[in-house]
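Hi everyone, thanks for coming along. Let me put the structure up on the screen before I start talking.

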Amino acid sequence: MLLSLVFGNEYRESPTLIQRITGGRRQPAAKLVFPRNENQAPEELLDTSFEPELSLACTASDPEEVLVAHAPGESGRAVRPVALTHNFDRRIYRVACCGTELDLARTNEAVAKIQARVPDFQYNLVSTDEIAQEADTPLPRMLGPRARLRAEYKLLYSALLRGRIDIIVASFPDLEPGLDRRLDIAAVMERRDARDVLVLERGESFTTLAAGARIGLGSRRQELQLLHLRPDLIPQRVTTPLAATLQRVAERDIDGAIVAAADLYSRDFDRFRGQLFFAPFSLDAMTPQPGQGQVVLLVAAAEYRLGQLLHNAVDHAPSRHTLEAEALAAFSLGYGDPNADPPAAAYVSVEDGQLMLLAMNASADPGTPQTTRRPISPAGSMKADPDLIRAAVQSLLGRVAFVGAGPGSPDLMTIRGRRLLAEADVIVHDRASTPSLLPYASPQAEQVYLESGDEKVAERLIALAREGRRVVRLTGGDPFLFDSGAQEAMALHEAGIAYELVPGVSAALAAPAFAGIPMTYLDWSHDVHILDASEISGQIRHESRFLQWANLSGTLVFVQVVTRLPELTAGLLAAGMPERTPVALIQDGSMPTQRVWYGELGTITQEAVAANLLPPAVLVVGQVTTLGEDLAWWPGHGTLTGRTVALVRGQSYGEAQSGGERDPLATELAGQGARVYELALVTNRANSRINNHLDEMLAARLEERGNLRRAERSAMWIVVGSADGARAFGASLRRLGVDMRRLANIKFAALSRETAAALAEIGLQADYVAGRRGPEELATELANSLTHGDQVLSITGPVSEPVIGVVMQVAGVRYEEVVAYEQVTHLPGRQALIHMLDDIDYMVFRTGTVVQAFVDGLTAGGIRPEELDGDKLVVFAENEESYQAALLAGLPLRGRPLSWSRADIMRQIGDVNRNRGRLRR
């Protein structure tokens, strides 16, 4: 029998810290409440509501006060006594801690405070080495500091539960978030300084640190906040003990370190105080981790009298209240999740008689943490309100949007759904939603494929939201109609995660409409019933269900019918529905590949089998289906009707900033009846670090150029390697506020006509445009025209053209490169890739880079390019670069147009389509 003993003072009345940290999962089997006046008989205060199978009694006649328990029906003699008191005068307590100088300092401080309140408190300090020797479990010496710390605490917990030691003194952040329920935090000492401290060499400061300085730190929380304050610094994870970390700063192995202020209260660090400079961050600038600066005393939960002694001696109520609140806030942010590394930070202060929470979490922008500062207790109260904590934390969490993808056609997704897809950091989707996912998903978004109904979906949604990410849960049709969306939303609700629902057009309504079948019509049908045929193969197999369906009036629409059609039609006929009842079977409703069979209930199954019916499909039952052949309007007619074309491209720098417009080729293909996917597998984009470096380099060169006298001026060329490089260059000029007249004596070279056109868009005329030989031609031209003392500044992407730099070095020309943007590749997962390939007839590749990205995606999914079926999937190139890349990769490439114009591409696709014949329906 598990006993949780709750005493009648303030210590008893507050929830235990372990309950807070583990989300209230600890449930005591019974509790015994001692009165404030110990002369009062405790029998009346016994609460047995937690364990009805046991009968509990307490007697005060024994001087030791004995708690007895027996099962119902047993005699009073069959008892197991448990002593409720201890004689502190005769007991010497064994106190343990981890073996560092800092832990020993904390422990000595704790026992000194206990003895100040309880003079006869006797103890012995026990080292982890002694405990390991007693338990015959030596600590491995080859472990790193963090691993050794975990091993030491595991050893201490075991010794405490076995009675080998009585008390553990620990820093709260060192404890595992999910403590064994048999352990209890008996007391929380008065909090030390909770701030983080920047440690530097003497004479340095945070503002004077040079760009690129290496700062040692121990957590993602510190890394995220440091880069927000100074994105030009380089964080470096360190796992060495604190003294060793400070020694690395003193020896200039690293330029600085971030440590907890509470860790600097020990003699072990006194020797560094004259060598190093310690600069505390403000709490607003660097929010601490939960419990930073808090020292706690652990006992075995069964040692209730010892717990009461420690609580009365050293527990500090404000520190305990703040620690409980921080632990709950951190748990809500996902702190302690073994499968994640959330940057949770939480600090609670006492202001004007109430508790104030300062918390931090990651945001969608990796360089910008989110913070919140809110009161979490009523005015004049020292008790935190859990609902106020969760409300405050919610502002730091991401949001989940359930978005209905509709019946399959991307054009039927709602405007709100498209906008959320474009803004999402993560898209969680399944097979039913994949076709609509592709055209409108943000190319920066992570795509996660999980089958609907998988219990891991809700867990993944919660974990992603706790990371502060914007999540779209994309489902086919409508999220709350025959889908697991409601169960997933309930899981989010229970976890305190905010969500929204964007309805989608259900295939149950869209497929009949695209087949020209009205759901209601005059006197034929006033009612519509949407039914799930999957129930047939589930728990419902009784005739009563078919009888219920057969007796419904109006129009019946069954979804998920393909594998259940024989049993469904047989059950309806057996229930009395006439064989000649009109029906319509619709496959791929609303898609260019839509197929419709009109018939009767008694024969539709045989027709579907003969025609090789494939999912998804719906069955419409009722007189209204007879109108379908007259009102049929979809699909329309065009040379590419029924075909799906994917335009595989990159997203340019400018497009990544503005969102871009519909591609002209996509518009022309759609006009010929094709369904068009625009797949951006590569994105060129800026980030703050690249922008800062580009601005600094450009400002320095322009300033240097302006300071030269006319007679001293040498030639300067700026080489722009791509259209996106030109756009990034223009953005840098705007950020710097450069007057274009300052560029009058600088010449510009472009590596392509597209690059020259992009320069013209920002008001600059290229003095030289490279021809077909590109970099080699440009390098030769510059080498022939420049001399020693001239300079070349190259604006490049992540992959530069090395030949220019090599030739300039040989010619003695000063040459510098600066990266103007980063390139991010977005590869679909294996499942999404397979579904995408199944759905596509033609692929048009825009650049060699996206060809390589596509091939990388194939390889990661276990597919070799040469394994693609050239009769099913045909690849086209839009220019010479992509043609050569596709040819080299072994993709099923079809011919090469006479020129690389849009009209030639359309002609080539049309020729191949005619040779393939009509699409079978």
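Predicted model: local features only at pLDDT ≥ 70, side-chain atom pairs only at ≥ 80, totals over all residues.

Residues are numbered from 1 along each chain as its sequence is written, and side-chain values use heavy atoms, with hydrogens and water left out.

The protein chain has 30 helices and 39 strands, taken as DSSP runs numbered from the N terminus (helices H or I, at least four residues; strands E, at least two). Of its 921 residues, 50% are buried, meaning under 20% relative accessible area with a 1.4 Å probe, protein chains only. Take contacts, meaning heavy atoms within 4.5 Å: among those between residues at least 6 apart in sequence, 70% join residues at least 24 apart.

Now, the helix pair. Helix α3 (residues 101-117) packs against helix α8 (residues 304-314) at about 90°, with the axes 8 Å apart; axes are lines fitted to C-alpha atoms over the stretch in contact, and angles run from 0 to 180 degrees between N-to-C directions. So α3 is roughly perpendicular to α8, a label for 65 to 115 degrees. From α3, A110, K113, I114 and R117 meet L310, N312, A313 and V314 of α8.

Finally, where does R846 sit? R846 is in the loop between β38 (842-845) and α28 (848-860). R846 counts as buried because its relative accessibility is 13%. Leaving aside residues up to four places away in sequence, R846 touches L647, V648, R649, D663, L665, E878, N879 and S882.

Terms used. Parallel < 35°, antiparallel > 145°, perpendicular 65-115°, else oblique.
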